[in-house]
Amino acid sequence: MNCERELICLVSHPRSGSTVFMRGAQDRFDLNAFYEVFHSHENIVQEHITQALGSAGLQKIVETVASDAQAGFREFSLTFPDQYLTLLHRNSNAAHMFFKIFPGHIKNLESLKSTLMRADKVIFLLRNTLHSYISDRIARKVGTYANVKTSHLKVEYVERDFVSWHNQIVNYFSCVKEILAKIEKDSLFLHYEDMYLSGDTEAYYRDFASFCKLNFVESKEAEPALRKQDHRFSAIEKVSNPDEMIESLSTLDVEYMLDGRERVSELEVLRRSV
């Protein structure tokens, strides 16, 4: 398999399972997960760079950026994404660099295009937007990720907020796919529901490895497969106003909203569950 040092870009969105997927990839392959190096908050960017390179590595990056540009750290990353990513990768001890971009991270089209052109491989990770929306509202409510301990919580479904959440994700993915088509770059598409609810996450890491031409690192201890964090119809159990949610979903375009291959029938199941 390929031994060249490559940049792997994960195009995803909040509450998609991207952090856990990247952590699992770092456990299995000779790559360094940098997470959100284009986050809008510089302190988060520096925290993630520190996780990847250590405090000394972060200081080296900060000093290099300061000497190379008049602009601040984030402005440098958005103005010169190619140089920025190359700088991070050059300072990594791992063979490959794995980073992710979310909606809102890179709003300038040219910067987004430069970032995608610099990446050697592009992976999409999409979660059912209804589930990710509810997970986000729970996370905001408790101040941490939605998990087994928060499974009893319910939040209010607000159509306006959900539509905004859904459209931002769909529009961002569409924009990225359009850029990839123009620059003729292939991508791999992964689904949260397929991956984490199948009970065989290793199959998706094998797909990831095959697409990115990575070797499994036998000396590394990989985390066990993820536990099921939700199931196909769990949205109905996590909102305080399920009737309003069902009525809302009945009038919205469910093409991207619901996971799996039976989008309309899933909505029927939700109705029957109320």
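Analyst: One term to begin. Buried means under 20% relative accessible area, exposed means over 50%, and partly exposed lies in between (1.4 Å probe, protein chains only). This is a predicted model: local features need pLDDT of at least 70, side-chain atom pairs count only at pLDDT 80 or more, and totals for chains, interfaces and linings use all residues. Residues are numbered from 1 along each chain as its sequence is written, and side-chain values use heavy atoms, leaving out hydrogens and water.

User: OK. How many helices and strands are in the protein?

Analyst: The protein has 11 helices and five strands. Both are DSSP runs, numbered from the N terminus: helices are H or I with at least four residues, strands are E with at least two.

User: And what share of the residues is buried?

Analyst: Of the 274 residues in the protein, 50% are buried.

User: Let's do the strands. In what order do they sit in the sheet?

Analyst: The five strands make an open sheet in the order 2-3-1-4-5, with parallel pairing. Two strands pair if DSSP finds at least two bridges between them.

User: Which are the edge strands?

Analyst: Strand 2 (31-35) and strand 5 (187-191). Each of these pairs on one side only. On average, neighbouring strands of this sheet are turned by 20 degrees against each other, ignoring direction.

User: What does strand 1 pair with?

Analyst: Strand 1 (residues 7-11) runs parallel to strand 3 (residues 96-101), and five bridges join them. Leu10 has Lys100 as its bridge partner in strand 3, and Cys9 has Phe99. Four bridges join strand 1 to strand 4, also in parallel. There, Ile8 stands opposite Lys121 of strand 4.

User: Is strand 1 buried or exposed?

Analyst: Five of its five residues are buried, so strand 1 is largely enclosed by the rest of the structure. Both faces are covered. Leu7, Cys9 and Val11 are buried on one side, Ile8 and Leu10 on the other. In a regular strand the side chains alternate between the two faces of the sheet.

User: Now helices. Which strands does helix 1 lie across?

Analyst: Helix 1 lies across strand 1, strand 2, strand 3, strand 4 (121-126) and strand 5. Helix 1 runs at about 160 degrees to strand 2. Helix 9 also packs on the sheet, touching strand 1, strand 2, strand 3, strand 4 and strand 5. The direction of helix 9 makes about 155 degrees with that of strand 4. Axes are lines fitted to C-alpha atoms, for helices over the stretch in contact, and angles run from 0 to 180 degrees between N-to-C directions.

User: How do helix 1 and helix 9 pack?

Analyst: Helix 1 (residues 18-28) and helix 9 (residues 201-212) pack at about 70 degrees, with axes 11 Å apart. They are therefore roughly perpendicular. That word covers 65 to 115 degrees; under 35 is roughly parallel, over 145 roughly antiparallel and the rest oblique.

User: Which residues meet there?

Analyst: Val20, Phe21, Gly24, Ala25 and Arg28 of helix 1 meet Glu202, Tyr205 and Phe208 of helix 9. Contact means heavy atoms within 4.5 Å.

User: Is Arg28 buried or exposed?

Analyst: Arg28 is buried, at 5% relative accessible area. Glu202 is partly exposed, at 26%.

User: How many salt bridges are there in the whole structure?

Analyst: Seven. One joins Arg118 and Asp82, with the closest N and O atoms 3.2 Å apart. Arg118 lies in helix 5 (residues 109-118) and Asp82 in helix 4, so parts 36 residues apart in sequence are tied together. Arg118 is partly exposed at 21%, and Asp82 is partly exposed at 40%. There is also a network of salt bridges linking Arg15, Asp136 and Arg140.

User: Last one: where is His89, and what does it touch?

Analyst: His89 is in helix 4 (residues 81-90). His89 is buried, with 5% relative accessible area. Leaving out residues up to four places away in sequence, His89 touches Arg5, Glu6, Leu7, Ala95, His96 and Met97.

Methods. A salt bridge is a side-chain nitrogen of Lys or Arg within 4 Å of a carboxyl oxygen of Asp or Glu.
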